[in-house]
Amino acid sequence: MALLQTTRSGPVTTLTIDRADTMNPLGAPGDGDEFTQVATEINRDLETRCVILTGAGRAFSAGGDIKAMRDKSGSFAGSTPAISDGYRNNIHMILRALHTIRVPVIAAVNGPAIGLGCDVACLADIRIASEKAKFGVTFLKLGIVPGDGGTWILPRVIGMSRASQLFYTGDVIDAATAKDWGLVSEVVAPAALMEEAEAMAAKIAKMPPHSLRQTKMLLRQGQQVSYDTALEMAANTQAMLHTTEDHAEGVAALIEKREAQFKGE
């Protein structure tokens, strides 16, 4: 059975992590390949303008498979080099795939997002949490380190001090604290979570698709490059988009006081 259940509603694709009976653990053999395939399909599909990522059942994702760690199986089997390769060639592929999705991703965090699950949620562009959501990066409690790039991801979301606090203490925070720390944008009742995510996705999906993808690219690159480089990238991208029909439509709609109808042209 596939890990990711994919549904499509117009320009919005919803990905559901579906191992509900075990709180949606990640990192089983083949998970990296599946995430990579799904991300590639989304990037190739110019009709997709936004993605919602959520979990089945009562958890978003409880993280790595603790029983596999105990049994030294799957990605955690074998010698030190074998385990290292298990991370590179499977677990890291999950995160790389999510990071390469070119359209906005909304994480609808329905329950616990722990360890790898928290880092997966933090790779989304926007996070909306259910009141039942919890967040933690509890690697040290297992006698290991964040092995999935979390020390790169989390400080970019909540800052170094808060990230260090979570990593060093192993604390798990509730949804209200996550909102206060800037880890999530909104906290809603459990029954309203997907409705809220779908409404936001629909609003995003009305934007011109090429400008939408390019804006995400500029946001991502802006975290890595100098200000001068960011300005140069913006100038070149802006010049390209000024020649599109969607730009002309946006200008006309504003002048005519109507809603724009963007076609990706």
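Predicted model: local features only at pLDDT ≥ 70, side-chain atom pairs only at ≥ 80, totals over all residues.
The surroundings of Val120 can be listed residue by residue: once neighbours within four places in sequence are left aside, Val120 is in contact with Leu26, Leu53, Phe60, Ile94, Leu95 and Leu98.

Strand S2 (residues 12-17) is mostly covered, with 6 of its 6 residues buried. In a regular strand the side chains alternate between the two faces of the sheet. Strand S1 (residues 4-9) pairs with S2 in the antiparallel sense over 6 bridges, and Arg8 stands opposite Thr13 of S2. These two strands, S1 and S2, form a hairpin with 2 residues between them, and Gly10 in the turn has a positive phi of about 60 degrees. S2 is also joined by 6 bridges to strand S4 (residues 50-55), with the two running parallel, and the bridge partner of Ile17 in S4 is Gly55.

Helix H5 covers residues 150-158, and Gly150, Ile153, Leu154, Pro155 and Ile158 are buried in it. The buried residues of H5 pack against H3, helix H4 (116-122) and helix H6 (160-169). Just after H5, Gly159 takes a positive phi of about 90 degrees.

| Pocket | Volume | Lining | Lining by class |
|---|---|---|---|
| Largest pocket | about 410 Å³ | 19 residues | 11 nonpolar, 3 polar, 5 charged |
| Second largest pocket | about 330 Å³ | 20 residues | 6 nonpolar, 9 polar, 5 charged |

In the largest pocket, Ala124, Asp125, Leu219, Arg220 and Gln223 lie nearest the centre, while strand S8 (126-130), H5 and helix H9 (209-222) each supply at least two residues of the lining. H9 gives the most to the lining of this largest pocket, with 5 residues. In the second largest pocket, Arg102, Arg213, Lys216, Met217 and Arg220 lie nearest the centre, and H3, H5, H9 and helix H10 (227-241) each supply at least two residues of the lining. For the second largest pocket, too, H9 gives the most to the lining, with 7 residues.

Note on methods:
Residues numbered from 1 in each chain as written. Heavy atoms only, no water. Contact = heavy atoms within 4.5 Å. Buried < 20%, exposed > 50% of the residue type's maximum accessible area, 1.4 Å probe, protein only. Helix = DSSP H or I, 4+ residues; strand = E, 2+ residues; numbered from the N terminus. Pairing = 2+ DSSP bridges. 1 Å grid on protein atoms, 1.4 Å probe; cavity = no way out; pocket = protein on both sides within 12 Å on 5 of 7 lines; lining within 4 Å. Points joined across faces, edges and corners; volume = space filled by probe spheres on them. Nonpolar A, V, L, I, M, F, W, Y, C, P; charged D, E, K, R; others polar.
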